[in-house]
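Here are a few notes from my pass through this one, pockets to begin with and then some strand pairing. Have the model open while you read.

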Amino acid sequence: MSAAVLAAARGWIGTPYVHQAATRGAGCDCLGLIRGVWRELNGAEPEAVPPYTPDWSEPARRERLWRAAARHMAEKGRADVAPGDVLLFRMREGGIAKHLGIQGEAGDLPTFVHAYSGHGVVESPLTAPWERRIVARFRFPERN
């Protein structure tokens, strides 16, 4: 399954960044990328996503994204690295976790696929500054 997840994610590379969108080729944000890959591999999304703002969950300090991911995917140990893992990032110290990506290459030159404001969907090096921000890893469920 992990190879299928990564292949699907790479199919989104070049999609423009559009907040709250989830359409390959037309636009998506980081959550939209995960939602789109989910649909490609598993069919309908497991729950409706309510509208959200760029600062969602920050005022209330709720880890909504983390809890939602844990409802639908298996959480892995942070050291259990495999291509196709869904990565959850905390973008700043003390902030809530609210950026997502999919592990690309592992090993000496790790990468991840993500939708990044101002860049669209790209495969970026998973450098030490990015890696330090990872707070959780998840595995997509097996196909039904």
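This is a predicted model: local features need pLDDT of at least 70, side-chain atom pairs count only at pLDDT 80 or more; totals for chains, interfaces and linings use all residues.

1. H3 provides the largest share, with seven residues.

2. On to the second largest pocket, which holds about 310 Å³ of space. Here 16 residues form the lining, and those closest to the centre are Tyr17, Cys30, Pro54, Lys98 and His99. By type, the lining splits into ten nonpolar, four polar and two charged residues. H2 turns up here too, with at least two residues, as do strand S5 (97-103) and strand S6 (111-116).

3. S5 deserves a look of its own. Seven of its seven residues are buried (under 20% relative accessible area), so the strand is largely enclosed by the rest of the structure.

4. S5 pairs with strand S4 (residues 86-90) in the antiparallel sense, over five bridges. S5 also pairs with S6, again antiparallel, over two bridges. Follow Ile102 across: its bridge partner is Val86 on one hand and Val113 in S6 on the other.

5. Last, check the hairpin of S4 and S5. Six residues lie between the strands, and Gly94 there takes a positive phi near 85°.

Technical notes. Residues are numbered from 1 along each chain as its sequence is written. Side-chain values use heavy atoms; hydrogens and water are left out. Helices (H or I, at least four residues) and strands (E, at least two) are DSSP runs, numbered from the N terminus. On a 1 Å grid over the protein atoms alone, a cavity is a set of points where a 1.4 Å probe fits but cannot get out, and a pocket is an open set with protein on both sides within 12 Å along at least five of seven lines; lining residues have an atom within 4 Å of a point. Grid points are joined across faces, edges and corners, and a volume is the space filled by probe spheres set on the points. Ala, Val, Leu, Ile, Met, Phe, Trp, Tyr, Cys and Pro count as nonpolar, Asp, Glu, Lys and Arg as charged, and the others, Gly among them, as polar. Buried means under 20% relative accessible area, exposed over 50%, partly exposed in between (1.4 Å probe, protein chains only). Two strands pair if DSSP finds at least two bridges between them.
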